[in-house]
Amino acid sequence: MNEIAKLNPIRAEIDSAGTLPHSVEAEQQLLGAVLTNNDVYDRVASIIGAQHFHEPVHARIWEIAAARIARNQLASPVTLKAFMEEDEGLKELGGPAYLARLAGTAISAFAVRDYAQMIYDLAIRRELIALGRDISDKAARVDIASEPAAQIVEAEQQLYKLSEQGKSETGFQSFLKAVTDAVNVANAAYQRDGGLAGISTGLDDMDAKLGGLHKSDLLILAGRPSMGKTSLATNIAFNVAKAYKRGRFPDGTEGAVSGGVVGFYSLEMSAEQLAGRILAEASEISSHKIRQGDMTEGEFRRFVDAAKTLEACPLYIDDTPALPISQLAARARRLKRTHGLDVLIIDYLQLVRGTGKSENRVNEISEITMGLKAIAKELNIPVIALSQLSRQVESREDKRPQLSDLRESGSIEQDADVVMFVYRGEYYKEREKPDENNIEATAKWIEDMERLHGKAEVIIGKQRHGPIGTVELSFEAQFTRFGNLVKPWQQNGEPGY
């Protein structure tokens, strides 16, 4: 008998020669504490379950004790004896007498959470080892049905699930807790400048309508080509990243107290082109001038200064084309794990690929929107997905988009928490220019163009937790920049944007 066995006779009854990390003593002490005082169970039930015990007999003891306590029945060596007399594993450890010995060596109640946390941490280590072996085994098998890229995505997904274990699977919660959480959100909005519950877009009127970008929401930003979908998305991304400030929350956790880390999937444009748009906005130099290199010395200095400022912004761009939804999710998890992630933007929805199992495009789009909503909930962040609209908009006299114009699938409308449409009347009016010989029509056209010039609308067609309506914004085409529109009452010296 070795020295450990001499010091701990109970330990001697269990084979501890396995290489997997575990602590039989911690399991024994915790079980003993629960069997001695059932009130202890409630203090550790949220940390561990039967699956976290390494010794199978201990797992069965915990399971039976937990079931009895849940029914307000006593769980003690005497009451458990009737359920475990025929348990072969318990017989090997000395039978029902082992239960009494567990209770006899119980620790004091104040240390139970430490022991429970230790058991949980060791269980996670065992799962990591098992996952590593599984990855190694799959990689060693050359199987045409399992490509290396797919194995990497699967491994990342399993690792993220393991790292988030115990965070997202909260189960039922009391209404009191739900009310408390709602009050905390409202209080945070009340305390925050501007009274927002979510992350500010940097556009005041849009924030007022949406209450900011809310965690776990899927927002669809749709529009016809040339309406400015990508411009608005890059503006929001830049505003959020520029305002990023890390700090400590009242509950002690750390995170973005202002702005946030932004992930931008640019499936249509290259990262360089997208960066050019953002630089045009930040430096107030025409994107055309930037592309052509046609800048004065002063403009170039301004451009370089804007680039230096942007270097510090936590904005990450992935321009891999035709990403499958599974890889998109895996890369978002990786970004959150390595750099943090507060807002995710996808430009655009129809360029994302499904799993390839869908029979038609409508089902594939449905699969993609469900996947994006799942990412928003899993990572607890707002996800903004851009979407194309069908051509039927062009055939109407009033070309303002509506929900029925969403292209290819009604599931976009169904899965989204917010659906917004970008509309610029100036774009359509410009193409209705009358013959110059028609002086009356031309005068009316010029009047309409002046009224619409530099203005855009964001039409909120659906919002789960707020009103629908229209937000008016300014739009500077040369800088591809949306901004806050100065209201008539702000023009007499009042501050505006």
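Helices here are DSSP runs of H or I with at least four residues, strands are DSSP runs of E with at least two, and both are numbered from the N terminus. By that count the protein comes to 21 helices and 11 strands. This is a predicted model, where local features need pLDDT of at least 70, side-chain atom pairs count only at pLDDT 80 or more, and totals for chains, interfaces and linings use all residues. Residues are numbered from 1 along each chain as its sequence is written, and side-chain values use heavy atoms, with hydrogens and water left out.

**View 1. The aromatic pair of Phe 53 and Trp 62.** The structure holds 4 aromatic pairs. Phe 53 and Trp 62 make a tilted one, at 5.3 Å centre to centre with 40° between the planes. Rings of Phe, Tyr and Trp (its six-membered ring) pair if their centres lie within 6.5 Å; planes under 30 degrees apart count as stacked, over 60 as edge-to-face and the rest as tilted. Both Phe 53 and Trp 62 are buried (buried means under 20% relative accessible area, exposed over 50%, partly exposed in between, with a 1.4 Å probe and protein chains only). Ring pairs also bring in Tyr 41, which joins Phe 53 and Trp 62 in a cluster.

**View 2. Another tilted pair, Phe 475 and Phe 482.** The ring centres of Phe 475 and Phe 482 sit 4.7 Å apart with the planes at 50°, so this pair is tilted. Phe 475 counts as buried at 10% relative accessibility, and Phe 482 does too at 3%.

**View 3. Val 44 in helix H4 (residues 41-44).** Val 44 has a relative accessible area of 0%, so it is buried. Skip the neighbours within four places in sequence, and Val 44 is in contact with Leu 30, Trp 62, Val 112, Arg 113 and Ala 116 (contact means heavy atoms within 4.5 Å). Ala 116 is 72 residues away from Val 44 in sequence, but their C-alpha atoms are 6.3 Å apart.

**View 4. Helix H9, residues 112-140.** Its end C-alpha atoms are 42 Å apart, which agrees with the 42 Å that 29 residues should span at 1.5 Å a residue (the expected span is 1.5 Å times one less than the number of residues). Among the buried residues of H9 are Val 112, Ala 116, Ile 119, Ala 123 and Leu 131.

**View 5. Helix H14 (residues 271-283) against helix H16 (residues 297-311).** These two pack at about 110° with their axes 9 Å apart; axes are lines fitted to C-alpha atoms, for helices over the stretch in contact, and angles run from 0 to 180 degrees between N-to-C directions. That makes H14 roughly perpendicular to H16 (65 to 115 degrees, with under 35 roughly parallel, over 145 roughly antiparallel and the rest oblique). On the H14 side, Ile 278, Leu 279, Ala 282 and Ser 283 meet H16 residues including Phe 303, Ala 306 and Leu 310.

View 6. Look for Asn 72 in the loop between helix H5 (56-70) and helix H6 (77-84), where it is exposed with a relative accessible area of 75%. Ser 216 lies in the loop between helix H12 (204-210) and strand E1 (218-223), and is partly exposed at 23% relative accessible area.
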